[in-house]
2 protein chains.
Amino acid sequence: MLVNGAPGDSISASDRGLAYGDGIYRTLEARHGTPLLWHWQWQRLAADCAALRLPCPDEALLLREIASVAARLERAVVKIVLTRGSGQRGYAMPAACSPTRIVSASAWGGYPPERAQQGIVARWCDTRLAIQPWLAGIKHLNRLENVLARSEWTDPVIAEGLMLDMDGTVVEGTMSNLFIVRAGELITPLLDRCGVSGAMRACVIDTAANLGLHVREARLSPDEVMAADEAFVCNSLAGIWPLRQLAARQWPPGALTRRLQQLL
Amino acid sequence: MLVNGAPGDSISASDRGLAYGDGIYRTLEARHGTPLLWHWQWQRLAADCAALRLPCPDEALLLREIASVAARLERAVVKIVLTRGSGQRGYAMPAACSPTRIVSASAWGGYPPERAQQGIVARWCDTRLAIQPWLAGIKHLNRLENVLARSEWTDPVIAEGLMLDMDGTVVEGTMSNLFIVRAGELITPLLDRCGVSGAMRACVIDTAANLGLHVREARLSPDEVMAADEAFVCNSLAGIWPLRQLAARQWPPGALTRRLQQLL
């Protein structure tokens, strides 16, 4: 682990990342120190920094640090955390911001392959996502809603929980983005009011475009998801997991889902 | 500063308090190591732990640690942070939780006394609070909304910003709770959908009860606040600050506000 470029595994207890969740993060896979999906990870990270007015680190520096922590690992989970650093007491952003940059890696064997092959069982979460357009899409450090949602089940058969917003619109999984296929059209929830705009989501949208498929971002009801022809969740570590079962609904693996899996 | 009872000023970079804001905090004043408003602070801290299913530390232990960090300071700001500690990657709460407890103190001269004496100038914030009943009232570590709201102004004349929720209902100040007086009645925003239930708010409610005054918790519109006979904000460090000016509205110091200030 590197903290501001130096080996270390701790941060100041007065860091604003701890005090207020005043920062962002990305989790990604690296192979022998090379991050996967970097184009999209970097795009999202830079956008999130801009949205929170956090100084964005240099791309080359981040790549060097990822290589440094993950080079000796064939397959690693890399986590990047950027915070607004320490400051005076109080919510006001410090005039001179000294951000904290944490880059860490751990060896990783991957998720069980049957999740991608056979699809997963998912559930609907009771915990709702608050509607907050000011923070929508950003992978920030305020993630208590996800923690509460993920605490709703312990059954290891259930790999993911889907979340609605306060209006009852479908948003995402606790740790993934959702896509459905309906009459040949690929649709994913609009993330303008809440949710995390994941790197894999962006990659799926671009990959579909290369197939000549426009992904429509829309407000989806739970009924529309249940009535979909195909459904899958995705994130940077999981890739694409077809939904095999959601509550009482079951799906066979869908053709478009399989095609996207092959292309990624 | 004490981290889990031992002198230190850092925490693990993999703490869930940093990763997800998975924890709570309190900020309070201590005099020679004795915390003020402790009855209410402890009540709120224990309630917040229960709400997030965080193990609550022993009260006597916390008091010893506060005394330890603040004993040599005539007047100190004490901050208590409790997190769910480190755990495996992912949102799921660890089966065996080893919480992190941070108790820190710093010398403090108090806010400028004219804020309590003459009242403050406040503004309306554009940043809205999301409606999230699952987290309402809890002083948790997900405070990006407050950070964004506080970043809206730099004018030192403005001491506080009042925040509305997504429905346009008045909730609180960025770092304080709000009370208004209307026709002799004391009213404070209901915090069942968002906002922080502060220790000073609870103390004001109890103090008013001792005067035979029932505080009504209600949904208030900005117009109702502007039309109030008196208005004040409060928190544990500030005590009570009368609102002297809010946008174009001005108030002279109100009789009930003054009476509550004297009693606290």
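Between chain A and chain B there are 19 residue pairs in polar contact, both residues of each pair being at pLDDT 80 or more; a polar contact is a pair of N or O atoms within 3.5 Å, where within protein one must be able to donate a hydrogen and the other to accept it, and where residues adjacent in sequence count only if both atoms are side-chain atoms. The model is predicted, so local features need pLDDT of at least 70 and side-chain atom pairs count only at pLDDT 80 or more, while totals for chains, interfaces and linings use all residues. Residues are numbered from 1 along each chain as its sequence is written, chains are lettered from A and ligands numbered from 1 in the order in which they are written, and side-chain values use heavy atoms, with hydrogens and water left out.

The elements that give two or more residues to the side of chain A that touches chain B are β3 (10-12), α1 (16-20), β6 (75-83) and α5 (144-150), and of these α5(A) gives the most, with six residues. Helices (H or I, at least four residues) and strands (E, at least two) are DSSP runs numbered from the N terminus.

The contact, meaning heavy atoms within 4.5 Å, takes 51 residues from chain A and 51 residues from chain B. Since 100% of the interface residues of chain A are also interface residues in chain B, the copies meet through the same surface. When superposed by least squares on the C-alpha atoms of residues with pLDDT of at least 70 in both, chain A can be laid on chain B with an RMSD of 0.0 Å by a turn of 180 degrees and a shift of 0.0 Å along the axis. That is the relation of a two-fold axis.

Within chain A, Gln41(A) lies in helix α2 (residues 38-51), and its side chain makes a polar contact with the side chain of Arg26(A) at 3.2 Å.

A search of the whole structure finds zero disulfides over all chains, a disulfide being a pair of cysteine sulfur atoms within 2.5 Å.

| Cysteine | Closest cysteine sulfur | Distance |
|---|---|---|
| Cys194(A) | Cys125(A) | 13 Å |
| Cys203(A) | Cys234(A) | 8.5 Å |

Cys194(A) is buried, with a relative accessible area of 7%, and Cys203(A) is buried at 3%, where buried means under 20% relative accessible area, exposed over 50% and partly exposed in between (1.4 Å probe, protein chains only).
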